[in-house]
Amino acid sequence: MLKKVPVSSVIMGMHIHELCGSWMDHPFWKSGFLLQDPHDLERLQASSVTEIWIDTSKGLDCVEGETPEEARERGEQVLHDIATQPVRENIADELRRAAKICERSKEAVASMFNEVRMGQMLNTEQTQRVVSEITQSVLRHPNALLSIVRVKQADEYTYMHSVAVSALMIALARQLGFEDDEVHEAGMAGLLHDVGKMAIDDGILNKPDSLTDNEFEQIKRHPEYGVRYLQKGSEPVSRAVLEACYSHHEKMDGSGYPRGLKGDQISLLSRMAAVCDVYDALTSDRPYKLGWGPSETVQRMAQWTGHFDPQIFQAFVRSVGIYPVGSLVRLKSGRLAVVIEQNEKSLLVPKVKVFFSTKSGLHIEREVVNLAAVHCSDAIAARESREDWDFKDLDELWREQ
Ligand SMILES: [Fe+2]
């Protein structure tokens, strides 16, 4: 939002949109920049310009009742945070890299899980390597790998699901402010949470129809089998990872399995794994059902009571977005679009690719629209359900960047 403020209120970290007054009085030849050099602020204060326009969607805003000293400190803190953040890669570059990481991780997980199935010990070193590679990608660009792992072929579901939950756990752990070693542990928990499924018959795991009571009882034993596998290794995984493997199907109201634990009785990593596991399962296409769109899934999960820890779920939404990459949305202009990139400052104005007009009922020329841009007059009007539209190539829209 554009806002006119007196120069006396300007602090570092504000985004200068335009300076008021004659251009001849301007201390800068440029406009539309983030104020991050103290010399620029001094030049502005020494000039004859008395007011400027700031863009509060791109930088800091004034806070009512704040003293000049408090405002100055706030500005410096934000600039410090920006300076110490890892450099974010271009999403198109990271998508290409993430596709390769995803392929390598999937193969590594397949061989690790199959070795476990054959009675061998878990290769802890290989597991650590896979988690480190996934972590690096998530740090370079949080949404690239998450977008790629959502799309799964039928025969690779269990392995890809493990990679996906690992990536989601890493992004969530970062959102929750975990230290680096704790982020790694969360990634390990995600990668290994379903290893016990290797003990379950494929016919039951991939059954398209609803399960019989007996079959469901067998599925419910996978946490127990998983813990047994993980305790076998010469370098057993940490207690927290074991706990997440055992308790990721527990629910906050005590209606989960295997122990029917409630609230805080469920470990933190288990509560995180519960959210990431369900989100990935619901958004994945299976041979017998099309996955829900990412945005719909977030919306529907938010309405369930008693399943997830509300604070963890909120942090999860902040990490994947209200309209995660791949979401189908309707814009106010009547155009349909797919979300292709999150906006770091606001989850409500992502970058989208428009491709269809609901007014004409026809496909239109694909165009990238940055809903956060100052000149952009369009906005998201509603999320759309993939089931209501017969678009076959929605995932291609964000992948073709
Ligand atoms: Fe599971």
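What covers the buried residues of α11? Among the elements doing so are α7 (180-192), α10 and α12 (268-283). Before you start clicking: this is a predicted model, where local features need pLDDT of at least 70, side-chain atom pairs count only at pLDDT 80 or more, and totals for chains, interfaces and linings use all residues. Numbering runs from 1 along each chain as its sequence is written, and side-chain values use heavy atoms, with hydrogens and water left out.

**Stop 1: α10 and α11**

Select 222-232 for helix α10 and 239-247 for helix α11. Helices here are DSSP runs of H or I with at least four residues, numbered from the N terminus. The two axes come within 7 Å and cross at roughly 155°; they are lines fitted to C-alpha atoms over the stretch in contact, with angles running from 0 to 180 degrees between N-to-C directions. That is why α10 and α11 count as roughly antiparallel (over 145 degrees).

Now show side chains. On the α10 side, pick P223, E224, G226, V227, L230 and Q231; their partners in α11 are L242, C245 and Y246 (contact means heavy atoms within 4.5 Å). The residues of this contact split into 6 nonpolar, 2 polar and 1 charged. Nonpolar covers Ala, Val, Leu, Ile, Met, Phe, Trp, Tyr, Cys and Pro, charged covers Asp, Glu, Lys and Arg, and the others, Gly among them, are polar.

**Stop 2: inside α11**

Stay on α11 and colour V241, L242, E243, A244, C245 and S247, which are buried (under 20% relative accessible area, 1.4 Å probe, protein chains only). Zoom in on S247, whose relative accessible area is 0%. Setting aside neighbours within four places in sequence, S247 contacts R259, L261, I266 and S270.

**Stop 3**

C102 is buried at 4% relative accessibility. Hop over to C276, where the nearest cysteine sulfur is that of C245, 15 Å away. C276 is buried too, at 0%.

**Stop 4: S137 in α4**

Finally, select 124-140 for helix α4 and find S137 in it. Is S137 buried or exposed? Buried, with 0% relative accessibility. Leaving out residues up to four places away in sequence, S137 touches E94, A98, I101 and L145.

Notes. Helices (H or I, at least four residues) and strands (E, at least two) are DSSP runs, numbered from the N terminus. Angles under 35 degrees count as roughly parallel, over 145 as roughly antiparallel, 65 to 115 as roughly perpendicular and the rest as oblique. Buried means under 20% relative accessible area, exposed over 50%, partly exposed in between (1.4 Å probe, protein chains only). A disulfide is a pair of cysteine sulfur atoms within 2.5 Å.
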